[in-house]
Amino acid sequence: FDDYSHVARLLGWCTESEYGSARVARVTQFYIRVRRPPTVGVDSVGGGASQCSTDEDLITMATLLEEVLGSEADVFWGLVYLGSTFDGCAASPVAEWPRTQLDQLRGLLQTHLPDLWAALERTGVQLSDFATCWLRSLFAHSLRSLCLVVWDRILATTTPDLLLHMTLEIIRLRRVVLTNAIENRLPLPDLIQLMQGLPQTLQQSEIVTLIQSSTSAVSSLS
């Protein structure tokens, strides 16, 4: 996991590409508010329902980029790149994941995990309760220090389909945990918080499985 070639390629993109003014303004507003991301490690940025905010997501994304790109200027343009490539991520002008893609994700869950998703819906869980939090930061907020290897694959593919299949795979990998929580009648707020934190529970070997399965699924679509 020590060769993040596609992440590092951001630097080249930053010196060669045109930027949409709205996306630059979005990141500029973030920097005006928080000045610069903290110099602490990614793991110190909190998770959970109470801290799933756009600013927290931007800080976490900026901290990850700082590990690879180094300078604050490169981090800034790296965020601009992510915002211009992925609609709905925290660095885009409107940090809301497109409804059409959430509908697509719902279809994937209904197709591949029909019983589990039906049970989750009966408890009152909605996609926006957890998936938006994951997708808005491109998993940075929830995967934390293991996120760079996931970003490397995301940046190599640059398709929202991969993000949706990664979301599906995370739920598949933790379907036993979720099934037990539903059967034990975990209160809805606790269930939502459990779901928001699912990526943090993945081990390194499961991240490999996540990437391989998601990439294979997306490749079969083309």
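These legends describe close-up views of a predicted model. Local features need pLDDT of at least 70, side-chain atom pairs count only at pLDDT 80 or more, and totals for chains, interfaces and linings use all residues. Numbering starts from 1 along each chain as its sequence is written, and side-chain values use heavy atoms, without hydrogens and water.

**View 1. The largest pocket and its lining.** The space in this pocket is about 210 Å³. A pocket is an open set of points on a 1 Å grid over the protein atoms alone, where a 1.4 Å probe fits, with protein on both sides within 12 Å along at least five of seven lines; lining residues have an atom within 4 Å of a point. Lining residues include Glu-96, Trp-97, Gln-126 and Ser-128. Four are charged, three polar and three nonpolar. Helix H6 (residues 99–112) gives the largest share of the lining, four residues. Helices are DSSP runs (H or I, at least four residues), numbered from the N terminus.

**View 2. Thr-132 in the pocket lining.** Thr-132 sits in helix H8 (residues 131–136). Thr-132 counts as buried because its relative accessibility is 15%, where buried means under 20% relative accessible area (1.4 Å probe, protein chains only). Beyond neighbours within four places in sequence, Thr-132 contacts Leu-102 and Leu-127 (heavy atoms within 4.5 Å). Leu-102 and Leu-127 also line the largest pocket.

**View 3. Thr-60 in helix H4.** Helix H4 spans residues 54–69. Thr-60 is buried, at 1% relative accessible area. A polar atom of the Thr-60 side chain lies 2.8 Å from the backbone oxygen of Glu-56.

Technical notes
Points joined across faces, edges and corners; volume = space filled by probe spheres on them. Helix = DSSP H or I, 4+ residues; strand = E, 2+ residues; numbered from the N terminus. Nonpolar A, V, L, I, M, F, W, Y, C, P; charged D, E, K, R; others polar. Buried < 20%, exposed > 50% of the residue type's maximum accessible area, 1.4 Å probe, protein only. Polar contact = N/O pair within 3.5 Å; in protein donor to acceptor, adjacent residues only side chain to side chain.
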